[in-house]
Amino acid sequence: MIARMQTNPAPRHAKVQARRWPKPELPETAEADGASTIPELSEVAKACRRCSLWRNATQTVFGEGPDKAKVIFVGEQPGDQEDLAGKPFVGPAGKVFDAILDEAGVDRLKVYVTNAVKHFKFEPRGKRRIHSKPNAGEVQACRWWLDKELDLVKPNLAVALGATAAQSLLGKVVPIMKMRGAVVEREDGLRVFVTIHPSFILRIREPADKQAERERFLKDMKAVKTLMAA
């Protein structure tokens, strides 16, 4: 059984209200408001200047998938390979993600995949670009795009892959390990399933621990598969 977040006092089916940050009045606002498909919205997002991350990133990495997917997976931000390719979840974590989705019986081509932040944030170390976690202001600025994606796709389930994604979807800091496997219902009715980001599996060094974590993530994706059919 999937747990649900409880408030204090705790109702039977707790809900949280996703915070709507003020809409910035920037040049792309009107164009994005007029977009009626994900490809149109993605085109507008190429010129995004809502925070400073665009200055060092190669390009905007927007979400991809069917316009009317039942589920939307939200990660943190594009990584080095995603930044170069212009596509989400094509790097090492994306390969783990794809393999486990396949094992869980979830067709990647039928789901929408995106990130809370659309530009790669990194620190240069020699020739390498090392991932750097987006701050609250950057997540807030990019939340505007995620809201647009949700408005167009209209999924009945969102999967928060990690803390940044959960913060963007729910408007608050969420303890991922404590809430893992929970389904949080927002005020707008969208169900949010909370789990880890697949990159967490890659960071585990001990083979036995890595395999155990992979099995837990597979269990989470099987739960998502069940929720998709509900």
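Which residue in β5 is the bridge partner of Arg 125? That partner is Arg 128. This is a predicted model, where local features need pLDDT of at least 70, side-chain atom pairs count only at pLDDT 80 or more, and totals for chains, interfaces and linings use all residues. Residues are numbered from 1 along each chain as its sequence is written, and side-chain values use heavy atoms, leaving out hydrogens and water.

Strands β4 (residues 122-125) and β5 (residues 128-131) run antiparallel and are joined by four bridges; two strands pair if DSSP finds at least two bridges between them. Two residues sit between the strands, and Gly 126 takes a positive phi near 65°.

Zooming out, the protein has nine helices and eight strands, taken as DSSP runs (helices H or I, at least four residues; strands E, at least two) and numbered from the N terminus. Buried residues, meaning those under 20% relative accessible area with a 1.4 Å probe and protein chains only, make up 52% of the 230 residues.

Now for the inside. The largest nonpolar core has 62 residues, such a core being a set of buried Ala, Val, Leu, Ile, Met, Phe, Trp, Tyr and Cys residues joined through side-chain atoms within 4.5 Å. Helix α5 (residues 136-153) gives this core its largest share, eight residues. Among the residues with the most contacts inside the core are Phe 73, Val 159 and Met 221. Leaving aside residues up to four places away in sequence, Met 221 touches Phe 73 and Val 159, and its other partners include Ile 100 and Thr 195; contact here means heavy atoms within 4.5 Å.

Note on methods
Buried means under 20% relative accessible area, exposed over 50%, partly exposed in between (1.4 Å probe, protein chains only).
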